[in-house]
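This report describes one structure, chain by chain and then residue by residue. The sequence and the model come first.

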Amino acid sequence: MSDVVEKTLTALPSLLSLDSQPGSAKLSSTSKLGNLIRGITELTSKHEEEKLIQRELASIKEQVSSPNTSMRQMKELMVRAIYCESLGYEASFSYIHAIKLAQQGTVLEKRVGYLAVSLFLNESHELLLLLVNTVLKDLQSTNLIEVCMALTVVSQMFPKDMIPAILPLVEEKLNHPKEIIRRKAVLALYKFYLIAPNQVQHIHNKFRKALCDKDPGVMTASLHIYLQMIQENPEGYKDLTVSFVTILKQVVGGKLPMDFNYHSVPAPWLQIQLLRILSLLGKNDQSTSEIMYEVLDESLRRAEMNHNITYAILYECVKCIYTIHPKSDLLEKAAKCIGNFVLSPKINLKYLGLKALTYVVQQDPKLALQHQMTIIECLDHPDLIIKRETLELLFRITNAQNVTVIVEKMLEFLRINTDDYTTIDLVGKVAELAEKYP
Amino acid sequence: MIKFMLMVNRQGQTRLSRYYQSVELSRRAALEADVVRCCLSRKKDQCSFVEYKDFKLVYRQYAALYIVVGVTDTENELSIYELVHNFVEVLDKYFSRVSELDIMFNLDRVHIILDEMIQNGHIVETNKSRILAPLTALDKMADG
């Protein structure tokens with residue numbers, strides 16, 4: 001993208017010289033947006049921006065209220081309204097028209113209508129109720145694209161009180177032959193679980209079905225619900241540990257189709273999600289932890305390649321190993337991994353290493369000791385973020401011997417720090433230490 | 001979880017903004033300006049993760065465009081860093097080597113793509129073909 005991005009705003013004038021042609025509606029409306037953006041870009045003051053946008057909003061307002069405006073034109077108007085709002089200028093007069101666009105537009109127009117609604121409104125907005133009928137209609141459409149977009153919008157926002165009206169339709173979609181519909185139905189149910197958990201109590205067995213779905217996408221969608229439920233009640237899902245372990249094994253072993261790869265790594269974000277789930281299940285539970293040791297070892301082994309995403313997986317893996325019931329050889333490998341991160345010249349990895357050390361230092365204070373030279377170096381690192389993270393780590397390993405030095409370093413940092421939140425946090429820590437070691 | 005995603009250029013002009021946790025319209029411009037200022041002041045050899053207020057920013061620069069994602073503390077920063085890259089690769093695939101202009105003039109399409117990847121602040125799809133499938137189908141229907 002790098003050199004092509006240099007096709008910057010200076011190229012705009014030549015590209016937009018076509019805007020005077022009356023014939024081609026598409027071209028002229030695109031250039032209206034283009035004109036608007038170019039106009040904004042060329043301005044140098046906030047005052048001028050305000051004037052331009054107010055003029056634009058007035059123009060949009062006039063056109064949306066006109067009976068002569070086609071849905072095609074309405075679509076372009078909505079995109080311009082979205083742009084205005086993204087600059088911080090309210091265009092609430094257009095909200096109702098976004099809903100109308102979703103109701104009356106042809107397929108692409110409808111999608112933009114739904115998009116506009118999801119950007120303009122929020123959960124508690126009264127206009128959202130007007131969308132329910134349109135969504136209900138589209139959910140029953142024979143056109144699968146319309147079903148998809150209805151499910152997408154339901155997953156983004158839906159009035160809590162109307163869930164009973166739509167729930168049966170969504171549940172039905174769980175058995176649809178197309179994986180995309182099943183997947184989106186699961187995500188819609190996840191949304192319902194987030195906003196009204198008692199409404200979906202009765203369909204927990206359907207979540208299990210989704211977990212075992214032959215399509216990896218549907219299975220992945222169900223993990224969102226499971227992660228949430230397991231966070232709330234790990235005991236209730238220990239029996240699923242074997243399933244999660246099996247899935248992770250298959251993913252790590254490269255059993256998924258190629259298009260799930262990212263830079264040759266199989267479904268990395270899915271691996272991370274599974275590792276988080278396993279952490280929760282194995283915590284303080286020896287027998288459950290024992291089920292996962294093998295796959296964790298395998299994950300550590302496979303994530304050997306030098307790419308950021310494998311490091312991200314390794315980090316999650318290491319966290320998992322330190323969270324669950326300890327196993328010495330896994331801990332050894334994990335410790336080595338943390339060491340590699342902390343010693344890495346790549347600054348993002350160093351940061352992760354420090355973060356990992358902070359996390360594990362309670363269980364393994366020796367590890368911090370092992371890397372103390374590097375930690376001391378990080379204290380004087382030019383990057384304030386690294387410094388800050390190091391102080392966080394040091395706070396955890398404070399003892400009667402080093403407390404004075406550590407507090408001194410914290411005070412030093414406070415003198416150069418400009419961020420309020422960090423100041424408050426550090427001052428709190430210093431106070432805590434002062435109390436602990438008077 | 002992901003709180004928001006922004007695409008901002010070096011002049012501080014927002015090209016795209018998506019909030020997964022409600023932020024009042026009037027407060028957004030100030031937040032975005034502050035976030036961008038924060039990221040613009042970082043050097044090349046510094047960490048891509050910034051502690052900001054009580055959450056974190058993960059940012060990535062592509063020529064003149066900064067993509068900034070606000071995430072809660074519990075998120076794996078490096079995985080989000082790569083998610084941003086995945087997003088750019090998807091845009092590259094759809095627009096055949098995407099540029100800032102493509103993003104500006106196809107605001108709706110970029111949002112539609114993002115909708116397929118992130119919902120409710122969680123990563124829901126990372127498979128490029130699956131992310132693009134609905135939009136490609138829409139394009140076909142709109143043309144035909």
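Contact, as used below, means heavy atoms within 4.5 Å. This is a predicted model, in which local features need pLDDT of at least 70 and side-chain atom pairs count only at pLDDT 80 or more, while totals for chains, interfaces and linings use all residues. Residues are numbered from 1 along each chain as its sequence is written, chains are lettered from A and ligands numbered from 1 in the order in which they are written, and side-chain values use heavy atoms, with hydrogens and water left out.

## Chain B overall

In chain B, residues 24 or more positions apart account for 49% of the contacts with a separation of 6 or more. Chain B has 5 helices and 7 strands, where helices (H or I, at least four residues) and strands (E, at least two) are DSSP runs numbered from the N terminus. Their order from the N terminus is β-β-α-β-β-β-α-α-α-β-β-α. The radius of gyration of chain B is 15 Å, close to the 15 Å that the globule rule gives for 144 residues, so chain B is as compact as a globular protein of that length. That radius is taken over C-alpha atoms, and the rule is 2.2 Å times the number of residues to the power 0.38.

Of the 144 residues in chain B, 72% are buried; buried means under 20% relative accessible area, exposed over 50%, and partly exposed in between (1.4 Å probe, protein chains only). The C-alpha atoms of chain B fill a box of roughly 50 × 35 × 30 Å along the principal axes.

## The nonpolar core

A nonpolar core is a set of buried Ala, Val, Leu, Ile, Met, Phe, Trp, Tyr and Cys residues joined through side-chain atoms within 4.5 Å. The largest one has 218 residues, and those with the most contacts inside it are A:Val135, A:Leu189, A:Phe192, A:Phe244 and B:Leu57. Not counting residues up to four places away in sequence, A:Leu189 touches several residues, including A:Leu167, A:Val200 and A:Phe207.

Helix H17 of chain A covers residues 308-323, and its end C-alpha atoms are 23 Å apart. Of its 16 residues, 15 are buried.

A:Pro266 lies in strand S2 (residues 265-266) of chain A. A:Pro266 counts as buried because its relative accessibility is 15%. Beyond its neighbours within four places in sequence, A:Pro266 is in contact with A:Val251, A:Val252, A:Phe260, A:Asn261 and A:Gln271.

Technical notes: Expected span 1.5 Å × (residues − 1).
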